[in-house]
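I opened my notebook and went through this structure one item at a time. Here is what I looked up, in the order I looked.

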Amino acid sequence: MMDLWTLQDEIVTAIAADAALNTWCATTYGADGVTVEAMPDDFDLPPAASCPYVVVDIEDDERDRELREIRAGYAILCFLAGGDDRVLPGQANVTQRAEHYRLGEISQLVFSAVDAAGVFSDGRVTVVRRQRSFHTDVLYPLMAVELLITLQRTMTIGDGDPLA
Amino acid sequence: MSIITDHTAAFEAAFADLAETVTYNGDSVLGSISYGSEAGGVPGVRGNATLAEIDILKSDVPDPAYKDTVVIGTTTWIVQTVLSGDEWGWRLLISSNERPTRR
């Protein structure tokens, strides 16, 4: 049976250990590296100075007996502090374009980190969908982007009840 | 002297009594501050920043902008938006101690 908590821990480990992401955090923000946590206490989240900061949550756990499949969703929230004042070539509207640029950079790095670690490529699960959405409930200097990964495991007939 | 200049002088004198000295984008100006609640903070959910409103004179800050900085005491606040304004001044929403939040 797919263990959502094990996969979550593997996602956290993959992101925390990724060399490209940690290098980007150091060169872009002067940070020691990326800070990653799984389902932290909302009352104990670190201050903005701890960014880049990534939170991995289990967002959904859907088990369908008729379709004989298990779907699970992970929400990966990436927080950055500042860095939206970058001037992009030929662009007058600096702030918002640069904000999206930075959030796009960390989004690609996080997706790449999970892929490079092979978390989803060892046959246990299939990635159904990846999507990126902007998380607006933060105030400057914080910026945030939410990455959603939906996974599926199809149960073979005779392979047992997925809800068992 | 006119009634307008008299009123302006009276207002600015009263404002000077109420306000305190803050540092706006590096310049010392007068500001009257009302401290508010945490942004998004409700019982059981921690807010993602501390909010306040500050009144400043147009003569000190003619064109306040998003991301301007206000130092009050030892704390740096950031201008998030202009709430209102009149012929004398602006009321700005400022924040400090911004924190990541998941919801």
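**Entry 1: pairing in chain A.** Before looking at any bridge I noted what pairing requires: two strands pair if DSSP finds at least two bridges between them. I also reminded myself that this is a predicted model. Within chain A, A:Thr35 stands opposite A:Tyr53 of strand 2.

**Entry 2: chain A as a whole.** I counted three helices and five strands in chain A. Along the sequence they follow the pattern α-α-β-β-β-α-β-β. Chain A has 164 residues, and buried residues make up 29% of them. I also checked how far along the chain the contacts reach. Of the contacts in chain A with a separation of 6 or more, 60% are between residues 24 or more positions apart.

**Entry 3: the cores.** Which residues have the most contacts inside the largest nonpolar core? They are A:Ile11, A:Ile15, A:Val54, A:Cys78, A:Leu80, A:Val110 and A:Leu142, and the core has 42 residues. Helix 1 (4-17), helix 2 (19-29), strand 2, strand 3, helix 3 (94-116) and strand 5 (142-154) of chain A each supply at least two residues of this core. Strand 3 of chain A gives the most, with eight residues. Apart from this core lies another, of 11 residues, among them B:Ile54, B:Val79, B:Trp90 and B:Leu92. I wrote a general note beside this: in soluble globular proteins, nonpolar side chains tend to be buried together.

**Entry 4: A:Leu142 and the contact between the chains.** I picked A:Leu142 and listed what touches it, leaving aside neighbours within four places in sequence. Its contacts are A:Ala48, A:Phe79, A:Ala81, B:Glu98 and B:Pro100. That took me to the contact between the chains, where chain A gives 15 residues and chain B gives 15 residues. On the side of chain A that touches chain B, strand 2 (53-64) and strand 3 (69-81) each supply at least two residues. I sorted the residues of that side: 13 are nonpolar, none is polar and two are charged.

**Entry 5: the barrel in chain B.** In what order do the strands of the chain B barrel run? This closed barrel of six strands runs 1-2-3-6-5-4, with antiparallel pairing. On average, neighbouring strands of this sheet are turned by 45° against each other, direction ignored. I looked closely at one pair: strand 3 (residues 50-57) and strand 6 (residues 89-96) of chain B pair in the antiparallel sense over eight bridges.

**Entry 6: two residues of chain B.** Is B:Leu51 buried or exposed? B:Leu51 is buried, because 22 other C-beta atoms lie within 10 Å and 20 or more are enough to count. B:Leu51 is found in strand 3 of chain B. Not counting residues up to four places away in sequence, B:Leu51 touches B:Gly36, B:Ser37, B:Glu38, B:Ala39, B:Leu93 and B:Ser95. For contrast I took B:Ala16, found in helix 1 (residues 3-18) of chain B. B:Ala16 counts as partly exposed, with 13 C-beta neighbours inside 10 Å.

Entry 7: A cis peptide bond joins A:Cys51 and A:Pro52, with omega about 0°. A:Pro52 lies in the loop between strand 1 and strand 2 of chain A. A:Met39 is found in that loop too, and its phi is positive, near 40°. Another cis peptide bond joins A:Tyr140 and A:Pro141, with omega about 15°. The loop that holds A:Pro141 runs between strand 4 (126-134) and strand 5 of chain A. In chain B, B:Asn97 has a positive phi of about 55° although it is not a glycine. B:Asn97 is found in the segment after strand 6 of chain B.

Conventions:
Residues numbered from 1 in each chain as written. Chains lettered and ligands numbered in written order. Predicted model: local features only at pLDDT ≥ 70, side-chain atom pairs only at ≥ 80, totals over all residues. Helix = DSSP H or I, 4+ residues; strand = E, 2+ residues; numbered from the N terminus. Buried ≥ 20, exposed ≤ 12 C-beta atoms within 10 Å, placed from the backbone. Contact = placed C-beta atoms within 7 Å. Nonpolar A, V, L, I, M, F, W, Y, C, P; charged D, E, K, R; others polar. Core = buried A, V, L, I, M, F, W, Y, C linked by C-beta atoms within 7 Å. Axes fitted to C-alpha atoms, helices over the stretch in contact; angles between N-to-C directions.
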